[in-house]
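Please look over the sequence and the model before reading on.

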Amino acid sequence: MDPDLDDRRLDRLTGETVELLQTLIRNGCVNDGTPESGQEVRNADVLQSVIEGADDAVQRYEPTPGRVSIVGRIDGSDPAAPTLCLMGHTDVVPVHRDGWRNDPFGGELIDGEVWGRGAVDMLNLTASMAVAFRSLAESGFRPRGDLLYFGVADEEAGSAHGARWMADNHPDAIRADYVLTENGGLHSGPGEAPYVGVNIAEKGVAWRRLTVRGVPGHGSMPFRKDNALVKAAGVVQRLADYRPAPRFSELWTTRVETLGLPDDLREALLDPERIDEALEQLPSVAAAAHLHACTHTTFSPNLVQGPSMKVNVIPDTVVVEVDVRTLPGEGPDEVDAHLQAALGDLADHVEVEELMNDASSISRTDTPLWDSLQRAVNRPFPTARLTPQFVVGFTDARIYREMGAVAYGAGLFSPSLDSSEYGARFHGNNERIDIESLALSTRLFHHVATDLLG
């Protein structure tokens, strides 16, 4: 049976993707980092009902109550052929409802866009992958190598209850030669010959917990007292003020060249002596933040916790949790050196605990998967060219790369979707995705699977 898509079938699949995305959003699988949060079982149940019917039964894994991941599989005909996994996470980050124009868990379709937490990170692709997978199974598609669908929990909090646990405990269940996950697919450059980004590399993540200690006392007598909160405020400010030197990855030049910038700005961004000043003057705060993160190790103090005491008690302990993102080649020793440089004399007053240490990772592009992606993108956009990109956040792709797989972040979005606006929706307010992008991504995953494995 021909697994290709005609317009009528594509319209039907797009409608299914929209409906599935709305349901996943409404399930509200919010992961706040605690073991009991997420409850991805709700989205796992829905996705299992969607993809069931492939050759093998859907496998379920639950390392922690409610933290369910699922694996579906269409068996390949050739055990020696490469395996492709479509991997989408099912959890979302918390929401501040007051900042939203619409219900963040309503999944409403408004003016051609699906609104809600997870609409871009990454339930849109998770839904598109599931619909494409089911369509291939129903069409009778028999790949040469196995085709997997991996709906995974706990990506947003570091993967301990999801992909990391699966890799440590059931690696054969998810093993694949090639993996597609979040999140490429944005257009840049000239309209007549656009670039379409594919994420092949990402920064490392080195979360740290900083404990600042003082001496308790009565709040009515603060003079010359050792107040842990006051010292912690100094720690936070020094981290915010810290400006490590820029360092360019092997993908930086390509990234800048595809942005279509004026010559003077392009040259400044490629000059280590001038890039920081150029970023300070860039009108778009979102663009400046992204480009800065691509070229610098970053430190973001995001959580502060103190003892449960009264307003009239000088605190003796304050904890600051810091989101550290590292560049290629940096490990724990380099992070320690950065912290020492940032904190100066305050470093001796801080106890540092490592919460997460995952190095920067990269996948090569001279692969059959890259070629299949190029052909799939060229179906709707004949003049488009793939361009490799460096992700400043982390994804579960890093875990697959540790397992030896080639992993890309890939999707395909509408040319009208502004990359800066889209980026601002990640973990932000008013998250939403347009129907055209859902249609393009669904078709992309369908075509890549048939091209690579057919």
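Predicted model: local features only at pLDDT ≥ 70, side-chain atom pairs only at ≥ 80, totals over all residues.

How do the residues of the lining of the largest cavity divide into nonpolar, polar and charged?

## The cavity and its lining

The residues that line the largest cavity fall into five nonpolar, two polar and one charged. Rolling a probe the size of a water molecule over the atoms shows where empty space is left. In this model the count comes to one cavity of 30 Å³ or more, and the largest cavity holds about 70 Å³ of space.

Around the largest cavity stand S249, L251, W252, R255, C294, P388, Q389 and F390. Two elements, α7 (252-257) and β18 (385-391), each give two or more residues to this lining, and β18 supplies the largest share, with three residues.

## Helix α15 and helix α1

Helix α15 (residues 435-453) packs with helix α1 (residues 7-26) at an angle of about 110°, and the two axes are 9 Å apart. Angles of 65 to 115 degrees count as roughly perpendicular, and α1 and α15 are therefore roughly perpendicular to each other. The crossing of these two helices is right-handed.

On the side of α1 the contact is made by R9, L10, L13, T14, T17, V18 and L21, while α15 brings I435, L438, A439, T442, R443 and H446. Sorted by class, the residues of the contact between α1 and α15 are seven nonpolar, four polar and two charged.

## Helix α15 and helix α3

Helix α3 (123-138) also packs with α15, and the axes of α3 and α15 come within 8 Å and cross at roughly 45°.

From α3, the residues N124, L125, S128, M129, V131, A132, S135 and L136 meet L438, S441, T442, F445, H446, A449 and T450 of α15. The residues of this contact of α3 with α15 divide into eight nonpolar and seven polar, with no charged residue. L438, T442 and H446 of α15 are named in the contact with α1 and are named again in the contact with α3.

## Helix α15 and helix α12

The angle between helix α12 (residues 368-378) and α15 is about 130°, with the axes 9 Å apart, and α12 and α15 are therefore oblique to each other. The crossing of α12 and α15 is right-handed.

In this contact α12 is represented by P368, L369, S372, L373, R375, A376 and V377, and α15 by L444, H447, V448, D451 and L452. By class, the contact of α12 with α15 contains eight nonpolar, two polar and two charged residues.

## Backbone details in the loops

Most residues other than glycine have a negative phi, and most peptide bonds are trans. Against that background, which peptide bond is cis with omega near -25°? The bond in question runs from D121 to M122, and M122 is found in the loop between β5 (113-115) and α3, the helix that meets α15 through residues including N124 and L125.

A cis peptide bond also joins E182 and N183, where omega is about -15°, and N183 lies in the loop between β7 (178-181) and β8 (187-188). The phi of Q39, a residue other than glycine, is positive and near 45°. Q39 is placed in the loop between α1 and α2 (41-51), and α1 is the helix whose contact with α15 includes R9 and L10.

Terms used
Residues numbered from 1 in each chain as written. Heavy atoms only, no water. Axes fitted to C-alpha atoms, helices over the stretch in contact; angles between N-to-C directions. Helix = DSSP H or I, 4+ residues; strand = E, 2+ residues; numbered from the N terminus. Parallel < 35°, antiparallel > 145°, perpendicular 65-115°, else oblique. Left-handed = near helix turned anticlockwise from the far one by under 90°. Contact = heavy atoms within 4.5 Å. Nonpolar A, V, L, I, M, F, W, Y, C, P; charged D, E, K, R; others polar. 1 Å grid on protein atoms, 1.4 Å probe; cavity = no way out; pocket = protein on both sides within 12 Å on 5 of 7 lines; lining within 4 Å. Points joined across faces, edges and corners; volume = space filled by probe spheres on them.
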